[in-house]
Amino acid sequence: SATGSGSLMWFRKGLRIHDNPALEYASKGSAFVYPVFVIDPHYMEPDPTAFSPGSTLAGLNRIRFLLESLVDLDLSLKKLGSRLLVLKGEPSEVVIRCLKQWNVKKICFEYDTDPYYQALDMKVKNYASSAGIEVFSPVSHTLFNPADIIQKNGGKPPLSYQSFLKLAGQPSWASSLLSVSLSSLPPVGDIGSCEISEVPTVRELGYEDYEQDELTPFRGGESEALKRLKESISNKEWVANFEKPKGDPSAYVKPATTVLSPYLKFGCLSSRYFYQCLTDVYKNVKKHTAPPVSLVGQLLWRDFFYTVAFGTPNFDQMKGNRICKQIPWNNDDELLAAWREARTGFPWIDAIMVQLRKWGWMHHLARHCVACFLTRGDLFIHWEKGRDVFERLLIDSDLAINNGNWLWLSCSSFFYQYHRIYSPISFGKKYDPNGNYIRHFLPILKDMPKEYIYEPWTAPLSIQKKSKCIIGIDYPKPVVSHDSASKECKRKLAEAYALNQKLNGQVSEDDLKTLR
Ligand code: FAD
């Protein structure tokens, strides 16, 4: 009825209409719905001291991707008879102010395991319960509820993918159809004196001097996500035969994987809907690959890392993180800057770091190469430093997945074969002997003959001159010798592992004592 009650739909991630149980519940039996997104200035405001355009927390690529996603969401809401209400400020304060001013009986938002949202949600939930407002916060960002898996495992997260798969089984919703469309939404209620704005542009946020060619080719939003998904799954053979480690990390015109990660990150695409589409494809083919290498297997990796991150205190750091090996990483700001700014002198590594800065996305194996190089492979720099750079610049930047993979690549957790090091020279060459990827992202090397493109410092000076690229002037000399640096890294890792074993031994001795 017209005098009926309203609800507040709080969008954070989950920037979509399809498979959005919070939105569905918000509209059920409500006379009006307030769809809200709160812009946290911390996340968005330009940081002029950062080495590339963006805020302290996010590169401009991700900020723009988010704004595009919000514009798309607003358009979709308008088609359903509603609109997006954009507000600014500390999100929990803003939401609580809205709850006070508007006549709402329930607040709905997708459950989020990230510590940032856990803290906000606690404040909002506390206020809501004191005001008699119903809170509905369903799990729909992941396939499973991480808390359920941890509980099934006796209170601790499973630490291997295989044990995760065993505990997880089939998702509870897998046997029923997900609700993927809405025909209409209740109208927006009276907004009173709340300051509502349109989705801002990057210029309105204060980003003025940026080069258009520095920006990612990937556009944000649910519409784009569903289009990409459709394209990916239309090739049934490709989906059925997908095997993760086999892709070509140097493919950039047409990447070897789906590039759905930024859409999953912001929830423009539901991972559950993606999963359902993939299992539909599997049903219609004779045979298909399986986890861990299949596409469904990739989604399960995502859930695996979400579960471990949620159940591990201090997951995003070495200290106080019980699953992280304690390793005496070096502190070398110059080497770190060389890596971050794509001037290590190894073209394969530098090209990947340029792709990170320009696109905010790289292939999984490319991420492997630069993460290994920074940490246990060559530079022996702390994985947290590399994590920070990825966290800011990736458009798919995701707390659980990013930290989980940095722990993995630095041999701090999950994976311990530290003698297996990616060569910054020969690894890329296997896929791209002509160096097209390097030529594209590092145009200074575009005329270097293929014999030298992966190690241009070995090119005779006459060739360097002819290629218009003098090593040491136009492009740097390598910051380390890979052979000796990688040997030294292995030696230090062996030492650190031995010490960790001793420490762990002592810890369990102590534990035994307290038990007695
Ligand atoms: P596809 O191969 O098409 O896979 C589909 C989806 O499965 C991905 O979109 C992603 O959601 C999930 N997925 C794939 N690989 C992994 C993986 N190894 N772990 C967890 N989930 C996975 N991915 C992020 O989404 N955010 C990050 O911040 C992130 N940081 C990383 C840091 C390092 C050091 C490394 C080595 C990897 C990182 N990854 C991260 C994982 C992986 O590289 C990307 O998810 C993948 O390359 C995204 O491309 P895609 O969507 O085409 O993947």
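How many bridges join strand 1 to strand 4, and do they run parallel or antiparallel? Select strand 1 (6-11) and strand 4 (residues 104-108). Four bridges join the two, and they run parallel. Strands (E, at least two residues) and helices (H or I, at least four) are DSSP runs, numbered from the N terminus. Strands pair if DSSP finds at least two bridges between them.

Before moving on: this is a predicted model, in which local features need pLDDT of at least 70 and side-chain atom pairs count only at pLDDT 80 or more, while totals for chains, interfaces and linings use all residues. Residues are numbered from 1 along each chain as its sequence is written.

**Strand 4 and its partners**

Stay on strand 4. Pick Lys106: Ser7 stands opposite. Next, show strand 5 (residues 134-136), which three bridges join to strand 4, again running parallel. Here Val135 is the bridge partner of Ile107. Four of the five residues of strand 4 are buried, so this strand is largely enclosed by the rest of the structure. Buried means 20 or more other C-beta atoms within 10 Å of a residue's own; exposed means 12 or fewer; partly exposed lies in between, with C-beta atoms placed from the backbone.

**Helix 4**

Select residues 91-101. The buried residues of helix 4 are Pro91, Ser92, Val94, Val95 and Cys98. They cover an arc of only 165° around the axis, which puts them on the same side of helix 4. The arc is taken over directions from the helix axis to the C-beta atoms. Contact here means C-beta atoms, placed from the backbone, within 7 Å.

**Gly155**

Go to the loop between helix 6 (146-152) and helix 7 (161-168), where Gly155 sits. Gly155 has 8 C-beta neighbours inside 10 Å and counts as exposed.

**The ligand**

Finish at the ligand. Of the 28 residues around the ligand, Thr257, Ser261, Gln298, Asn402 and Asn405 come nearest. Helix 10 (261-265), helix 12 (295-311), helix 15 (364-377) and helix 17 (399-409) are the elements that give two or more residues to this shell.

Note on methods:
A residue is near a molecule or strand if its C-beta atom, placed from the backbone, lies within 6 Å of it. Two residues are in contact if their C-beta atoms, placed from the backbone, lie within 7 Å.
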